[in-house]
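Here is a quick tour for anyone meeting this structure for the first time.

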Amino acid sequence: MSVPLKRWLVVGFALVAAFVALGLGVARHPLALDSQVANALHGVYTQPLGRVAQIGSDILGPVLPWVLGAALLALALRHRQHTGLCVRLAVVLLLCRLTSLTAKPVFLRERPRDYPDLSYPSGHVVSVASTGFVLLLLCAWLWPRLVRRVAVAVAVAVVLSAACRVVLGVHWVTDTIGAVLAVTGVGLLSACALRLLPPGDGRSLDG
């Protein structure tokens, strides 16, 4: 095992551990930051800013992994030499997205206001972060010149998604932080296991 790969594994395990620790720490009582932000934004979801946040939340949410999954399928069908790469990326996307679905029943955290489902981590932010993580891997393998631009776009999208959910009062700030920790940690571990790190020529992965 190469040294860079070991480092990615260590970082991945550390992020997953941080996700679990944060979840256990906030499961019963919100942090001061959570309470302060929730109180400051109380009722805003009924105002014009809340309506804007709802539109943003509809766009930056669970639909994105499905869109990327369809794009990976189309890429695999159009360029058969990248089929192996696309399958591995799809597995990473699925594992990252499952972090929300599997973790919420574990931590049983309530929402800031009455709202269906549990709170930690934010499923919307998990969706955006999962899509962004896999998109970065895809670019690193096939279009490395785009990585920096895509990274900036992904960061902006994650922040906007998190802000929308907090403004709507359906998530605590730490729910969104936990989502990023979970996705990045699981993403790194699964990418290492599937030989997606370090990135390189996609054709070599499929050979």
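Predicted model: local features only at pLDDT ≥ 70, side-chain atom pairs only at ≥ 80, totals over all residues.

A helix here is a DSSP run of H or I with at least four residues, and helices are numbered from the N terminus.

The protein chain has nine helices and zero strands, and reading along the sequence gives the pattern α-α-α-α-α-α-α-α-α. Its radius of gyration is 18 Å, close to the 17 Å that the globule rule gives for 207 residues, so the protein chain is as compact as a globular protein of that length. Along its principal axes, the C-alpha trace spans about 55 × 35 × 25 Å.

How much of the chain is tucked away? Of the 207 residues, 46% count as buried. The protein chain exposes about 10800 Å², with carbon and sulfur atoms supplying 70% of that area. As for contacts between residues at least 6 apart in sequence, 80% join residues at least 24 apart.

Now back to P65, and to a residue it touches, S127. S127 belongs to helix α6, residues 123-142. Buried or exposed, what are these two? The cut-off for buried is under 20% relative accessible area. P65 has 10% relative accessibility, so it counts as buried. S127 has 0% relative accessibility, so it counts as buried as well.

| Residue | Touches |
|---|---|
| P65 | L93, R97, S127 and T131 |
| S127 | G61, P62, P65 and R97 |

R97 turns up in the list for P65 and in the list for S127. There is also a distance to go with this spot: P65 and V128 are 63 residues apart along the chain, yet their C-alpha atoms are separated by 7.5 Å.

What about α6 as a whole? This helix is mostly covered, with 18 of its 20 residues buried. At 1.5 Å a residue, the 20 residues of α6 should span 28 Å, and its end C-alpha atoms are 28 Å apart, which agrees.

How values were computed: Residues numbered from 1 in each chain as written. Heavy atoms only, no water. Helix = DSSP H or I, 4+ residues; strand = E, 2+ residues; numbered from the N terminus. Rg over C-alpha atoms; globule rule 2.2 N^0.38 Å. Buried < 20%, exposed > 50% of the residue type's maximum accessible area, 1.4 Å probe, protein only. Contact = heavy atoms within 4.5 Å. Areas by Shrake-Rupley, 256 points an atom, 1.4 Å probe, with all protein chains shown as cover. Expected span 1.5 Å × (residues − 1). Lists of a residue's contacts leave out its neighbours within four places in sequence.
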